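Here are my notes for a first pass through this one. Have the picture open beside you as you read.

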Amino acid sequence: MAALVLGFVIYLALAAPSDAAYCLCNAGVSDAVLQKNIDYACGNGADCSAILQNGACFNPNTVKDHCNYAVNSYYQRRSQNGGSCDFQGSASVSQTGPTGVASACVYQASPSTGGGTTTPTSGGGATTIPGGSFGPTGSTGFGTTDNGASVTLSSLAMLVVSLFLSLVISRFI
């Protein structure tokens, strides 16, 4: 019985969600740089459909707000990987989400690989994706090609691991 309780405690510890982390564009950055961030993020894996006209995060319709959404989506799809929220010093990680967003707009706070890349059409307000070569890190602006590797355990795998550990530990108790 003690082994099962211990296994359940280990399972809960492994399954506990990580702290929220958002990638947001820094204050005081020019609209031109923010737009380059949008262009890069939306063209390289971010899901930017929510910042299209009539999208849940289109309003407020500012380059800064659209930049926040785009770089955060990029960062989450890169599994919150180190340099994926730098954008040459124009963005940074925050433990709190952006303020003043529409109530229907949801910013991801944890890594995601779901969905697809959406490129906004021209004339849709502040967000345009004409292409470009501005990346999240590096002095050249081309970003990194290292997508990194991450290991994610499913709930079932965590349960199996925790039960195995509890059985091993119970032999020594």
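1. Start with the pair H2 and H3, which cross in a left-handed way (left-handed if the near helix is turned anticlockwise from the far one by less than a right angle, right-handed if clockwise). Their axes come within 8 Å, at roughly 35° to each other; axes are lines fitted to C-alpha atoms, for helices over the stretch in contact, with angles running from 0 to 180 degrees between N-to-C directions. On the H2 side, the touching residues include Leu-34, Ile-38, Ala-41 and Cys-42. On the H3 side they include Val-63, Cys-67, Ala-70 and Tyr-74. Contact here means heavy atoms within 4.5 Å.

2. A word on what you are looking at. This is a predicted model, where local features need pLDDT of at least 70 and side-chain atom pairs count only at pLDDT 80 or more, while totals for chains, interfaces and linings use all residues. Residues are numbered from 1 along each chain as its sequence is written, and side-chain values use heavy atoms, with hydrogens and water left out.

3. Now the overall layout. The protein chain has 4 helices and 2 strands, in the order α-β-α-α-β-α from the N terminus. Helices (H or I, at least four residues) and strands (E, at least two) are DSSP runs, numbered from the N terminus. Of the chain's 173 residues, 36% count as buried, meaning under 20% relative accessible area; exposed is over 50% and partly exposed is in between (1.4 Å probe, protein chains only). Among contacts with a separation of 6 or more, 81% are between residues 24 or more positions apart.

4. Back to H3, residues 63-77. How far apart are its end C-alpha atoms? They are 21 Å apart, which agrees with the 21 Å that its 15 residues should span at 1.5 Å a residue; the expected span is 1.5 Å times one less than the number of residues. H3 is mostly covered, with 14 of its 15 residues buried. After it comes Ser-79, with a positive phi near 60°.

5. Gly-45 follows H2 and has a positive phi near 115°.

6. Which residues have the most contacts inside the largest nonpolar core? They are Ile-51, Tyr-69, Ala-70 and Phe-87, in a core of 27 residues. (A nonpolar core is a set of buried Ala, Val, Leu, Ile, Met, Phe, Trp, Tyr and Cys residues joined through side-chain atoms within 4.5 Å.) S1, H2 and H3 each supply at least two residues, and the largest share, 7 residues, comes from H3. Leaving aside residues up to four places away in sequence, Ala-70 touches Ile-38, Ala-41, Cys-42, Ala-46, Cys-48 and Ile-51.

7. Next, the disulfides (pairs of cysteine sulfur atoms within 2.5 Å). There are 4 of them, and they follow the pattern 1-7, 2-6, 3-4, 5-8, counting bonded cysteines along the chain.

8. Take Cys-23 and Cys-85, joined with S to S at 2.0 Å. Cys-23 lies in strand S1 and Cys-85 in the loop between H3 and S2, so the pair ties together parts that are 62 residues apart in sequence. The torsion about the S-S bond is about 95°, so this disulfide is right-handed. Both Cys-23 and Cys-85 are buried.

9. Cys-25 and Cys-67 are joined too, with S to S at 1.9 Å. This pair links strand S1 to helix H3, 42 residues apart. Cys-25 and Cys-67 are both buried.

10. Finally, look at Gln-88 in the loop between H3 and S2. Is it buried or partly exposed? Its relative accessibility is 34%, so Gln-88 counts as partly exposed.
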